[in-house]
Structure formats: structure tokens, C-alpha cells
Amino acid sequence: MREVSGYHCYSGTPRYNRAMNLTPADLARFWSKVDSSGGPKACWPWMGPRHGAPGSSIEKQYGQVAIARRKYSVTKVMLYIAGSQLAIKRGEYILHSCDNPPCVNPTHLRLGSQSENQFESVSKGRHCNAAKTHCKNGHEFTEENTYYPPRKNRAPERVCITCTKKGGA
């Protein structure tokens, strides 16, 4: 159910999608923390509170906002405001096409799966293993020593040929 006039949003399983009653004061507070000065195609960074992995830099943290004493991800709130998404189903995530976690520009947000997110991170070279130059046994990942096994609908994986020949992979 979605009422556009009052911005009341609810759908799906309550565990994943809770009712979100956005009052005019909530909307004003939300928009006051969005920097949309770069224009409609630029990233709109969230300037309010953020959360992320312990020790991660502020640039890599995701925004959060409290509405009616509940914390929500700002990307989820933005999708509700933009009217582009009524329900986030189990196993779906909000992905950034811009690879900028604080961004809330609705044109940069889309729904996808965790495997899509992982595949994108590997293909764009931002996965934690993408920067590794050697396998766990110390062999260098060179063109001659690296094999990419076929993996349908999954992120590519590097295999050390030396380790495979020795039986140590």
C-alpha cells in the first residue's frame, strides 16, 4: 500500500519493509541533509549520520535517518520518496551505479541481488581480492599463471595454475 499524498509506505514482509510515515517535517529534515547542488546527474551525498564497517572511512559509509524512532537507510527512504520502489523483497539490495555509498540520487540507485553486487565489485576492481597480486601460497597472478574457470551467472574467480598443478589449490 502506498499513499503518495501522505508518503505512507508499507508493503511486503514486515521484517524487511516496515511502515514509513513521512511527515512534512521528516521530509524537510531529510532534504536538508542531501547535497544535490551538483545537478540531477551528479551524486547527491548524504550529509547526515552514516554507518559502516568498523574502521571504514566516512567516504565508504552509508547514510541513515531516524523516522518515528526507527532507523532507515537513506537509500531506502529516497526510493520511497521517488516512488520508484514499493517493496524490497527478501534477497534484494539497493545497489549504487555510481559506486558511491553516501549517494542518494534516485537515478543512481537500483534493486539487485547480493551476487550482482559482488559481480560488479569484482568486474570494477573494487572487491577486496581484486587488489591481490599473489595467491595464498605466494605465486604471482600473471597472465601465464592465472586461470579463470567458467562460472555462469557468478563473479569471476582467479585460480593459480602453479598451485593447481601441485595439488595445493
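Three salt bridges are counted in this predicted model, a salt bridge being a side-chain nitrogen of Lys or Arg within 4 Å of a carboxyl oxygen of Asp or Glu. As the model is predicted, local features need pLDDT of at least 70 and side-chain atom pairs count only at pLDDT 80 or more, while totals for chains, interfaces and linings use all residues. Residues are numbered from 1 along each chain as its sequence is written, and side-chain values use heavy atoms, with hydrogens and water left out.

One of the salt bridges joins Asp26 and Arg29, whose closest N and O atoms are 3.0 Å apart. Because Asp26 and Arg29 are three residues apart in helix H1, about one helical turn separates them. Side chains of opposite charge can pair when their charged atoms come close.

Helices (H or I, at least four residues) and strands (E, at least two) are DSSP runs, numbered from the N terminus. Two strands pair if DSSP finds at least two bridges between them. Three strands form an open, antiparallel sheet in the order E4-E5-E6. Its edge strands, E4 (50-51) and E6 (70-73), each pair on one side only. The two pairings are set out below.

| Strand pair | Bridges | Opposite residues |
|---|---|---|
| E4 and E5 | two | His51 and Tyr62 |
| E5 and E6 | four | Val65 and Tyr72 |

Strands E5 and E6 form a hairpin with two residues between them, and Ala68 in the turn has a positive phi of about 50°.

Strand E5 covers residues 62-67 and pairs with E6 in the antiparallel sense. Helix H2 (residues 74-82) packs on the sheet and touches E5 and E6, its direction making about 80° with that of E6. Contact means heavy atoms within 4.5 Å. Axes are lines fitted to C-alpha atoms, for helices over the stretch in contact, and angles run from 0 to 180 degrees between N-to-C directions.

The axes of helix H1 (residues 24-32) and H2 come within 12 Å and cross at roughly 120°. H1 is therefore oblique to H2: angles under 35 degrees count as roughly parallel, over 145 as roughly antiparallel, 65 to 115 as roughly perpendicular and the rest as oblique. In this contact, Leu27, Phe30 and Trp31 of H1 meet Val74, Val77, Met78 and Ile81 of H2.
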